[in-house]
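Here are my notes on the model, point by point. Please read them with the structure open.

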Amino acid sequence: MSTAKASAPKLFPTADQTVGPYYAIGMAFDGSEEIVPAGSAGSIVLSGYVYDGNGDPVPDAVVEIWQTDAEGHVPAVSGSIVRKADSFSGFGRSGSDEEGHYEFTTVLPAPTEPGKPAFFAVIVFARGLLARLHTRIYVPGPELENSEFLGRLTPERRATLIATEVPGGLRHDIHLQGEKETVFLAFN
Amino acid sequence: MDDIPKSAATYPPGHPTQADIDAEIADIRKNKPTSSDPNWGDHRTLIDYPPYRSSILRHPSANLELVDPETIELASPAFGHRDVHWTEYDLTTQVNGEPQGERIIVTGRVTDADGRPAANQLVEIWQANAGGRYRQKKERHPAPLDPNFNGVGRVITNDQGEYKFVSIKPGAYPWPNHENAWRPAHIHFSVFGNEFTERMVTQMYFPGDQLMPLDPIFQSITSPIGQKSLIAKYDHDVTVPNWALGYRWDIVLNGRNRTWFSSVDGPEEDE
């Protein structure tokens, strides 16, 4: 007797479809990229470019990030669309521009459990991309060595998940395909 | 009849025809059984789907890396009535006058694969107007804009995960993928679940649309049950007399175990 039969029947999941060329009609809103106000204390800029398999910029991608606050707490407050100055919602959305550039103003996330490396949870959508892609952007630091997951990737693949420190924040490019293809995730 | 143009579009030499795309779609269906894709499991959207030309350079070639979700990924952003005004569910009242077209109600429930509601979560939609035209400057389809229709709506689901929109049935929409390519009528949905792993963007289609078999985006799901998951049901109990036709579309989010999802309609297997 299988365990599947013993438990409640699973519902059939709805399939993904591309965000299409006109996602901005429904998904753009003012301040979507500013999880904290630009220039506020402790703020950083997380930015980079999205590229296709030819190395050309993807001008119609949407990058979303979801993260802890600077103390490692998982946010549970509204205010991701209508921002509040006094609370941190942890969610941001950036539509790439004509050069494939995305950008967030936020704070550095912190580990949710001591010793674990901190990262931004990331989802990428794009015209031409038929289903969502999950990935992570890790904050550089010694804790990266503690990750079993990162440890089992080749150095080249591992590097696609770790941001680079730059003045004022972090830089991280996303390659949908090709030699520098970003590692994308499925969850156990 | 002589006034009808042969085409309102010009295509480069060698641009694929609908017959070319039909043949590619049929070929993939034949050679790629619905459960063969190691990245996406049964009935999932194929991300490497050349009939949709824009997908060719925009899908990863490596398999997805299987990972245990961490604390942040098992939580979801919180949205509230601060973020979404209660009137945003109605796409027919956002400008001064009534938009043109067939008024519709689209309602349903957002749950996870175990039936737990995605309660108090954000649903965003966007769509073309009744003439198949999107309100965006890059859009080139020579159908009229409707000054009374923006084509965008948002709601926060209730405690049962239910949502409801009032809108106009979108028109079919021509696009440049191949010669004489038309998207079936659809509404784009962006949905949040109880975990960030479940976050999804997809499209809802209307029952009986004759363009679905021809559409490489819809056909990127090769199984009938997978395709069915994207088609709303006409529901006469949702229809409001003398006012609007009703459609029901439930959304089932699946964040974890996407790779190994097995068919609910397939033969049951003992371990």
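1. Start with Asn180(B). Asn180(B) is exposed because its relative accessible area is 53%; buried means under 20%, exposed over 50%, and partly exposed in between, with a 1.4 Å probe and protein chains only. Accessible areas come from the Shrake-Rupley method with that 1.4 Å probe, and for residues only the protein chains shown count as cover. Asn180(B) sits in the loop between β6 (173–175) and β7 (181–183) of chain B. Strands here are DSSP runs of E with at least two residues, helices are runs of H or I with at least four, and both are numbered from the N terminus. The phi of Asn180(B) is positive, about 60 degrees, although the residue is not a glycine.

2. On provenance: this is a predicted model, in which local features need pLDDT of at least 70, side-chain atom pairs count only at pLDDT 80 or more, and totals for chains, interfaces and linings use all residues. Residues are numbered from 1 along each chain as its sequence is written, chains are lettered from A and ligands numbered from 1 in the order in which they are written, and side-chain values use heavy atoms, with hydrogens and water left out.

3. Asn120(B) also deserves a look. Its phi is near 55 degrees, a positive value in a residue other than glycine. Asn120(B) belongs to the loop between β2 and β3 of chain B. With 36% relative accessibility, Asn120(B) counts as partly exposed.

4. Now chain B as a whole. Chain B has two helices and 12 strands. Along the sequence, the pattern reads α-β-β-β-β-β-β-β-β-β-α-β-β-β. Of the 271 residues in chain B, 54% are buried.

5. Which residue of chain B does Arg93(A) pair with in a salt bridge? The partner is Glu124(B), and the closest N and O atoms are 2.8 Å apart. The pair joins two chains, because Arg93(A) lies in strand β3 of chain A and Glu124(B) in strand β3 (residues 122–127) of chain B. Arg93(A) is buried, and so is Glu124(B). A salt bridge here is a side-chain nitrogen of Lys or Arg within 4 Å of a carboxyl oxygen of Asp or Glu. By this rule the count over all chains is 23.

6. Lys116(A) and Glu70(B) form a salt bridge as well, with 3.6 Å between the closest N and O atoms. This pair crosses between chains: Lys116(A) is in the loop between β4 and β5 (119–126) of chain A, and Glu70(B) is in the loop between β1 (65–67) and β2 (103–112) of chain B. Lys116(A) is partly exposed at 34% relative accessibility. Glu70(B) is buried, at 15%. Both residues belong to a network of salt bridges that links Glu113(A), Lys116(A), Arg136(A), Glu70(B) and Glu73(B).

7. Within chain B, check Glu24(B) and Arg53(B). Their side chains meet in a salt bridge of 2.8 Å, N to O. Glu24(B) lies in helix α1 (residues 18–31) and Arg53(B) in the loop between α1 and β1, so the pair ties together parts that are 29 residues apart in sequence. Glu24(B) is partly exposed at 24%, and Arg53(B) is partly exposed at 30%.

8. Back to chain A, and to a buried position. Ile65(A) lies in strand β2 (residues 61–66). Ile65(A) is buried, with a relative accessible area of 0%. Ile65(A) and Phe119(A) are 54 residues apart in sequence, yet 9.8 Å apart in space, C-alpha to C-alpha.

9. Last, the UniProt record. An unreviewed entry lists "domain: Intradiol ring-cleavage dioxygenases" for residues 30–113 of chain A. That span is 0% helix and 30% strand, and its end C-alpha atoms lie 33 Å apart. The annotation "domain: Intradiol ring-cleavage dioxygenases", also from an unreviewed entry, covers residues 106–134 of chain B. There the span is 0% helix and 45% strand, with 19 Å between the end C-alpha atoms. UniProt positions are given in the numbering used here, feature names are shortened, and annotations may be inferred rather than shown by experiment.
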